[in-house]
Amino acid sequence: MMTESWGQFKTFEGKKFEALDPEFTKEVSTLIGGQDLTACFQCAKCSAGCPVSDKVNIQIHEVMRMLVFGFKDVLDTDMIWLCTTCYTCQERCPQGIDITDILFGLKNMAFRAGKAPSGYLSARQGLYDTGRLYPPTEWEREDLELDPVPEFNIDDTKKLLDKMGLMKLEDDTQ
Ligand code: SF4
Ligand code: SF4
């Protein structure tokens, strides 16, 4: 039983999933560059070493099962956002499945499907507008006797972020 769920994400306990969609399984396999997701034999070694296993609404080996079954609900799991990308699961998998890389792909799919948590969206906007993920706190700097935060020209940063397509991730599928 999960101890808690995070933000917009709810527990999956007792949920009846929609019919499987083999095309979704194929799409995920292709995204990551030819993964054989059916190689997963559910040993759960990935979950056993996952540092966020007590924080997520579904375990990483269950995510892998959902992918094999083609359950698109996988895009609603908090695992894809709470994953620390530590690569422990990928290192441990006896079947050589690139689990963490798959999670990166799922994150992109979830983002394009409009399922990104609001905090991620505001962090992105803040980065684009100010060049910083978090506003610096002047009083902390004063306490530490640091110089004031230097001003910088945001235009160059914006040019770089525009080239990366940061604010257009949703348009990739259009
Ligand atoms: S470690 Fe690999 S084979 Fe085992 S459950 Fe996780 S993904 Fe599947
Ligand atoms: S990469 Fe993510 S899913 Fe894999 S063990 Fe680390 S936190 Fe867990």
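This is a predicted model: local features need pLDDT of at least 70, side-chain atom pairs count only at pLDDT 80 or more; totals for chains, interfaces and linings use all residues.
**The overall picture**

Let's start with the chain as a whole. It holds 9 helices and 0 strands, and its pattern along the sequence reads α-α-α-α-α-α-α-α-α. Of its 174 residues, 34% count as buried. Contacts in the chain between residues at least 6 apart in sequence join residues at least 24 apart in 66% of cases.

Two packed helices are described by the angle between their axes and the distance between the axes.

| Helix pair | Angle between axes | Distance between axes |
|---|---|---|
| H3 and H6 | about 65° | 12 Å |
| H1 and H3 | roughly 120° | within 6 Å |
| H7 and H9 | about 130° | 7 Å |

Take the pair of H7 (residues 118-130) and H9 first, with its angle of about 130°. On the scale above, H7 and H9 are therefore oblique to each other. H7 brings Leu127, Tyr128, Asp129 and Thr130 to the contact, while H9 brings Ile154, Lys158, Leu161 and Asp162. By class, this contact of H7 with H9 divides into 4 nonpolar, 1 polar and 3 charged residues.

Next come H1 and H3, whose axes cross at roughly 120°. That angle makes H1 oblique to H3. Phe24, Thr25 and Val28 of H1 meet Leu67, Val68 and Phe69 of H3. The residues of this contact are 5 nonpolar, 1 polar and no charged.

H3 (residues 60-69) also packs on H6 (residues 99-112), at about 65°. This angle makes H3 roughly perpendicular to H6. H3 passes H6 in a left-handed crossing. On the H3 side the contact is made by Ile60, Val63, Met64 and Leu67, and on the H6 side by Ile99, Ile102, Leu103 and Leu106. The classes here are 8 nonpolar, no polar and no charged residues.

An α-helix has 3.6 residues a turn, so residues three or four places apart point the same way. That is a handy thought to carry along when looking at the contact residues of H3 and H6, among them Ile60, Val63 and Leu67 of H3.

**The nonpolar core**

Which residues have the most contacts inside the largest nonpolar core? They are Leu67, Met79, Ile102 and Leu106, in a core of 34 residues. H1 (22-31), H3, H4 (79-82) and H6 each supply at least two residues of this core. H6 gives the most, with 7 residues.

Leaving aside its neighbours within four places in sequence, Leu67 is in contact with Phe24, Thr25, Val28, Leu37, Val74, Ile102 and Leu106. Phe24, Thr25 and Val28 also belong to the H1 side of the contact with H3, and Ile102 and Leu106 to the H6 side of the other contact of H3.

**H3 and its surroundings**

The buried residues of H3 are Ile60, His61, Val63, Met64, Met66 and Leu67. They pack against H1, H2 (45-48), H4 and H6. Just after H3, Gly70 takes a positive phi of about 70°.

Not counting residues up to four places away in sequence, His61 touches Gln42, Ala44, Cys46 and Ser47.

Most residues other than glycine have a negative phi, and most peptide bonds are trans. Two residues are worth checking on this point. Gln42, one of the residues that His61 touches, has a positive phi near 60°. Gln42 is found in the loop between H1 and H2 and is partly exposed, with a relative accessible area of 26%.

Glu145 likewise has a positive phi, of about 60°, although it is not a glycine. Where does Glu145 lie? Its place is the loop between H8 (138-143) and H9 (154-164). Glu145 is exposed, with a relative accessible area of 72%.

Terms used:
Residues are numbered from 1 along each chain as its sequence is written. Chains are lettered from A and ligands numbered from 1 in the order in which they are written. Side-chain values use heavy atoms; hydrogens and water are left out. Axes are lines fitted to C-alpha atoms, for helices over the stretch in contact, and angles run from 0 to 180 degrees between N-to-C directions. Helices (H or I, at least four residues) and strands (E, at least two) are DSSP runs, numbered from the N terminus. Angles under 35 degrees count as roughly parallel, over 145 as roughly antiparallel, 65 to 115 as roughly perpendicular and the rest as oblique. A crossing is left-handed if the near helix is turned anticlockwise from the far one by less than a right angle, and right-handed if clockwise. Contact means heavy atoms within 4.5 Å. Ala, Val, Leu, Ile, Met, Phe, Trp, Tyr, Cys and Pro count as nonpolar, Asp, Glu, Lys and Arg as charged, and the others, Gly among them, as polar. A nonpolar core is a set of buried Ala, Val, Leu, Ile, Met, Phe, Trp, Tyr and Cys residues joined through side-chain atoms within 4.5 Å. Buried means under 20% relative accessible area, exposed over 50%, partly exposed in between (1.4 Å probe, protein chains only).
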